[in-house]
Amino acid sequence: MTDEPGVPAPSSPSAPAAEPPQKAGRYDGSRPDRHRTGPAALALGALGVVFGDIGTSPLYSVQTVFTADNHRVQTHPVEVYGVISLVFWAITVIVSVKYVTFILRADNDGEGGIMALTALLQNHSFKTRRGKAVLIALGIFGASLFYGDGIITPAISVLSAVEGVKVATPALSHLVVPITLTVLTALFVIQRYGTGLVGKLFGPVMALWFTVLAAAGINGISKNPAILRALSPTYAVAFIAEHGTVAFVALGAVVLAVTGAEALYADMGHFGRPPITRAWFLVVFPALTLNYLGQGAVILRTPSAAENPFFLIVPGWARIPMVLLATVATIIASQSVISGAFSVTRQAVQLGFLPRMTIRHTSEREVGQVYSPAINWALYAAVVTLVLGFGSSAGLASAYGVAVTGTFVLNSVLFLAVARSLWEKPRWLVALGGTVFLTVEVAFFLANLTKITHGGWLPLLVAGAVFTVLLTWRRGRIIVTRNRTREEGPLLEFVERLRTLEPPVHRVPGTAVFLNANPDTTPLALRANVEHNHVLQQRVIIMHIQVRNVPHVPAGDRLTSSNLGFDDDGISGLDASFGFQDEPNVPAALHLAVKTGHLTAQDLEEVTYFLSRITLVQSKQRNMASWRKKLFLTISHNSAHPVTYFGLPISRSISMGEQIPL
């Protein structure tokens with residue numbers, strides 16, 4: 001385990017961070033300005049990135065309602081009207097009202113997502129530490145649920161699209177799983193190349209997809225216009241009131257129509273609130289509404305169509321093209337979730353809940369396009385296992401809703417905490433919002449708990465494992481930081497003692513940059529170099545990287561410097577601050593320091609980088625459970641190498657240090 005710039009002392013509110021660069025010295029930390037792009041282009045881009053998941057829900061959601069639990073929900077007109085009404089009003093309340101109208105307002109420097117909400121609350125002072133700890137833990141568990149969602153979405157989306165082959169050409173039904181695995185394999189293989197090239201196609205393709213959704217829906221509605229009655233909430237209320245247990249079963253599947261709603265919030269930083277809002281109300285919401293109404297109409301006319309209503313509202317001649325278009329759309333939906341998993345991983349690393357991981361940047365222009373090999377192949381292995389294990393989208397639907405509804409509930413709880421604590425909204429208003437949102441979402445969550453024995457345990461198991469890893473790493477870091485701080489000793493005292501050493505330390509030409517985990521203590525590598533090698537470069541820069549709990553720090557506010565008490569010893573301190581969406585890059589930060597006057601050009605001549613390598617050993621102290629210590633040590637052994645992680649030149653990087661107890 002090597003030097004981790006940004007690892008705070010236990011009393012520090014900041015979190016550790018580090019991020020692999022694109023090219024040394026190239027990136028200056030500036031945030032890409034999305035507002036240079038026109039509103040129409042941003043809205044089109046949002047169609048491709050933000051709405052892929054929810055836009056492909058019509059493929060399987062209505063079908064699942066009527067086929068779940070051995071066709072527990074019948075296809076009589078009363079049930080059909082009730083189900084379609086539930087779908088429409090679930091989308092209206094959860095997406096249109098909760099997310100688009102309210103939660104998108106809760107941004108952290110323009111960024112959204114449950115990790116951004118967690119960072120907002122982590123920065124705020126609460127009356128009790130326990131209350132704050134509980135809210136942060138809920139946020140981390142919500143992020144953990146995202147990984148459960150991330151392994152199910154690609155599997156169920158692509159499977160449901162390819163299953164259209166059964167409708168168009170039943171003789172090819174046996175090829176559904178092989179085709180699905182081929183598509184998914186290609187999808188995960190190309191992740192390393194990034195989404196820059198194909199990303200330009202996402203928006204137009206999804207625009208075509210939503211146009212086709214609307215047209216297919218209109219085609220279905222024309223066969224039985226009476227389905228328009230389902231827009232009235234009275235049918236949803238009557239269905240729940242009169243059908244009891246059956247309605248409860250239906251709720252567990254209806255929620256599939258709003259899967260991907262959390263992406264509206266998580267991807268806000270890429271496009272901003274207005275483009276997402278415009279794309280939703282002008283394109284996505286109307287298209288989804290028309291398509292669900294069309295599916296209801298075809299079931300009213302032909303009850304057996306409930307086996308696959310999505311493809312049966314399409315004319316026979318268009319079904320094969322629809323399968324192809326749906327497959328492309330589900331690839332885009334899957335891509336959004338996979339990219340989201342990379343982004344969540346990066347945020348978790350930078351906020352101190354995961355160790356350094358290899359995270360590569362796949363674009364020299366877009367800092368948000370990242371790729372994590374470990375996460376990519378772990379997701380791939382899990383997705384392939386799901387496809388082979390469940391074999392159909394209907395089987396996977398049982399496992400899907402728990403993670404989604406759990407995320408909805410946690411997002412609502414954290415949002416209400418932000419509204420009350422940070423925005424100081426009246427208690428009655430927060431209580432009203434909580435009553436409306438949580439009543440709906442808790443009902444969906446409880447309905448999905450009935451699926452636990454049928455596969456719903458899977459995302460909970462994944463989330464529980466990720467949650468354990470995140471909190472174990474966080475707790476272990478606090479312990480290691482405390483013990484490391486004791487070994488390092490005060491920095492200013494060490495610098496002062498250097499002036500009185502007899503014989504004096506030998507100074508050699510060049511500049512030494514010591515990465516420092518704590519701005520107030522002595523880097524272990526610096527102490528070891530002086531005490532064992534008895535040499536020191538003529539110019540010494542002790543660099544501390546701090547990641548704040550905000551997404552971005554402007555380049556102009558990034559650096560501060562100090563002479564550490566003496567002007568004539570060639571030793572200076574440099575602090576660099578980044579947001580958890582920024583890219584800490586040591587060489588680039590040094591060049592920025594020269595540009596802004598914190599360092600001179602001479603300081604960057606003959607630079608050697610020193611990292612403090614610590615070897616962790618398990619102690620007998622009862623500061624953490626033994627199994628968690630072993631887990632922490634295992635994770636630390638698999639962290640990314642710091643030289644490449646911090647963008648340092650291999651030929652000029654040296655690691656030195658000692659053992660630290662855990």
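Patches are made of residues with over 30% relative accessible area and no salt bridge, and nonpolar side chains (Val, Leu, Ile, Met, Phe, Trp, Tyr) are joined within 5 Å. Accessible areas come from the Shrake-Rupley method with a 1.4 Å probe, and for residues only the protein chains shown count as cover. A salt bridge is a side-chain nitrogen of Lys or Arg within 4 Å of a carboxyl oxygen of Asp or Glu.

This is a predicted model, in which local features need pLDDT of at least 70 and side-chain atom pairs 80 or more, while totals for chains, interfaces and linings use all residues. Residues are numbered from 1 along each chain as its sequence is written, and side-chain values use heavy atoms, without hydrogens and water.

First, select Phe248, Val442, Leu446 and Leu449: together they make a nonpolar surface patch of about 280 Å².

Lys98 sits in helix α4, 343 residues away from Glu441. The whole structure has five salt bridges.

Now show α4 (residues 77-102) with α18 (residues 393-421): they pack at about 40°, axes 12 Å apart. Axes are lines fitted to C-alpha atoms over the stretch in contact, and angles run from 0 to 180 degrees between N-to-C directions. For the contact (heavy atoms within 4.5 Å), select Ile94, Lys98, Tyr99 and Phe102 of α4 and Phe408, Asn411, Ser412 and Phe415 of α18.

How values were computed:
Helix = DSSP H or I, 4+ residues; strand = E, 2+ residues; numbered from the N terminus. Patch = residues over 30% accessible without salt bridge, like charges linked within 9 Å, V, L, I, M, F, W, Y side chains within 5 Å.
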